[in-house]
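Student: I would like to learn how to read strand pairing and chain contacts in a model. Could you take me through an example?

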Protein chains: 2
Amino acid sequence: MRALLFDVFGTVVDWRGTVIREGEALAMRRGWPVDRVDWAAFADRWRKEGYTAALARITRGEEPWARVDDLHRRMLDTLLHEHGIRDLDEPAVAQLNRVWHRLTPWPDALAGLERLQRRYTVAPLSNGDFALLTNMAKHAALPWDCILSAELFGAYKQRPEVYLGAVQLLGIAPAEALMVAAHPSDLDAARAAGLRTAYVPRPLEFGAPTTEPQGVTSPLPSRFDVIADDFLALAAALGC
Amino acid sequence: MRALLFDVFGTVVDWRGTVIREGEALAMRRGWPVDRVDWAAFADRWRKEGYTAALARITRGEEPWARVDDLHRRMLDTLLHEHGIRDLDEPAVAQLNRVWHRLTPWPDALAGLERLQRRYTVAPLSNGDFALLTNMAKHAALPWDCILSAELFGAYKQRPEVYLGAVQLLGIAPAEALMVAAHPSDLDAARAAGLRTAYVPRPLEFGAPTTEPQGVTSPLPSRFDVIADDFLALAAALGC
């Protein structure tokens with residue numbers, strides 16, 4: 001095995017917690033009433049309707065390709081309108097939209113990646129835009145060896161060309177890459193493309209802990225090559 | 001200005017010195033007669049005929065696109081044949097071909113890049129393959145924020161789509177990027193695409209120091225935005 005490819009949103013970074021924290025800080029700076037925005041619900045809808053559902057429509061061919069920054073912005077405009085927020089000027093809205101470039105890693109992520117990076121090529125393989133992932137890495141000091149974004153392949157995960165395009169760029173065979181994700185559906189698609197898979201559950205991704213990982217329909221050990229509680233456990237499992 | 005894009009071969013790393021050193025070490029390990037290979041001449045032909053001339057033919061449309069690794073290998077096979085070297089097996093030839101993944105930075109490069117990286121997004125923008133540049137960065141600890149390779153755009157510098165594709169992926173305007181190179185022709189092409197330019201001469205790139213930089217046909221100060229003796233001087237010039 002030569003390269004580890006990481007899903008990012010939810011697997012490396014806590015998108016929900018970061019959006020909530022930035023939203024609450026913005027509301028406090030602006031002096032908004034505390035109940036004007038439920039930032040947890042705001043974050044969840046931004047993610048679910050503005051990103052997940054939009055990517056699914058693009059993947060089904062119902063909408064043309066669009067960058068994630070633009071998809072996020074479209075939903076943000078809707079959310080701000082629905083909340084009656086009119087006191088943010090264009091730079092402030094653009095700055096809020098770029099919260100997705102400033103997401104905070106899970107507590108184990110940096111230390112785990114640093115251990116893994118000593119032995120393997122480590123890279124994101126995310127649906128996030130190339131610039132978004134580059135800015136996020138710089139902001140959070142993620143020690144990636146290169147940035148791999150679905151944008152490079154003109155298709156979003158779980159389309160096979162994303163996984164196959166990534167290993168081709170790295171000059172390795174699919175079986176020489178390990179896809180690391182908190183989402184079984186991502187790993188199943190990677191496995192179908194010939195990659196190895198590591199499942200790192202992130203039970204707090206959607207807020208309250210869930211006892212059952214989403215989308216798991218068959219016993220985990222029989223589907224994935226590695227299962228680890230976090231990136232430190234992953235490093236240990238891989239002998240780093 | 002938000003991003004600095006670096007030419008790599010000759011600007012960041014000393015390809016000639018590295019090939020000579022690795023070649024001499026190989027000859028010593030194998031016990032070859034000292035005069036069997038003139039490694040400086042070997043390096044120069046490998047570069048000039050195997051890379052520069054091949055890229056020019058591809059850019060003129062005379063040959064189909066090929067990866068730099070494969071172009072290097074083609075010329076290496078020719079050179080080994082001409083030198084009557086038959087005692088290298090396939091793994092040894094492949095290992096020698098990958099010397100281009102292990103090039104040594106110029107003495108100022110790492111320290112300069114580390115200073116520049118604190119303030120700007122820094123990335124290679126090289127004709128080297130994506131995997132080659134990723135492996136080189138890992139080998140030499142180059143602090144790139146992302147890897148940008150001509151391979152991503154299916155064309156080699158000095159085609160404008162390489163410079164324009166790079167700034168598009170970074171989500172910035174051409175004028176927000178500074179192309180850094182030891183080769184005026186690269187900078188002229190970047191400037192034509194709307195990028196800013198920094199000229200860092202590397203007088204030892206081709207061995208004996210030259211007093212005149214290659215390809216300079218008009219006064220330097222009027223053509224480039226910055227001129228610096230090395231990456232430390234560049235960092236100082238940019239206030240890092």
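Tutor: Start with one pair of residues: Leu5(A) has Ala123(A) as its bridge partner in β2(A). This is a predicted model, in which local features need pLDDT of at least 70 and side-chain atom pairs count only at pLDDT 80 or more, while totals for chains, interfaces and linings use all residues. Residues are numbered from 1 along each chain as its sequence is written, and chains are lettered from A and ligands numbered from 1 in the order in which they are written.

Student: With which strand does β1(A) pair over 4 bridges, and in what sense?

Tutor: Two strands pair if DSSP finds at least two bridges between them. Strands (E, at least two residues) and helices (H or I, at least four) are DSSP runs, numbered from the N terminus. Here β1(A) and β2 (residues 121-126) of chain A are joined in the parallel sense by 4 bridges. β1(A) also pairs with β4 (residues 177-181) of chain A, again parallel and over 4 bridges; there, Phe6(A) has Val180(A) as its bridge partner.

Student: Are the residues of β1(A) buried or exposed?

Tutor: A residue is buried if 20 or more other C-beta atoms lie within 10 Å of its own, exposed if 12 or fewer, and partly exposed in between, with C-beta atoms placed from the backbone. In β1 (residues 3-6) of chain A, Ala3(A) and Leu5(A) on one side and Leu4(A) and Phe6(A) on the other are all buried, so both faces are covered.

Student: What is the strand order of the sheet in chain B?

Tutor: The order is β3-β2-β1-β4-β5-β6, an open sheet of 6 strands with parallel pairing. Its edge strands, β3 (148-149) and β6 (226-227) of chain B, each pair on one side only.

Student: How many residues does each chain bring to the contact?

Tutor: Residues are in contact if their C-beta atoms, placed from the backbone, lie within 7 Å. Chain A and chain B contribute 13 residues each. On the side of chain A, α6 (130-140) and α7 (160-170) are the elements that give two or more residues, and α6(A) has the largest share, 5 residues.

Student: What rotation superposes chain A on chain B?

Tutor: Copies are superposed by least squares on the C-alpha atoms of residues with pLDDT of at least 70 in both. The rotation is 180° with 0.0 Å of shift along its axis (RMSD 0.0 Å). That is the relation of a two-fold axis. The same surface serves both copies, as 100% of the contact residues of chain A recur in chain B. Cys146(A) is the residue of chain A that comes closest to the rotation axis, at 2.5 Å (C-alpha).

Terms used
Contact = placed C-beta atoms within 7 Å.
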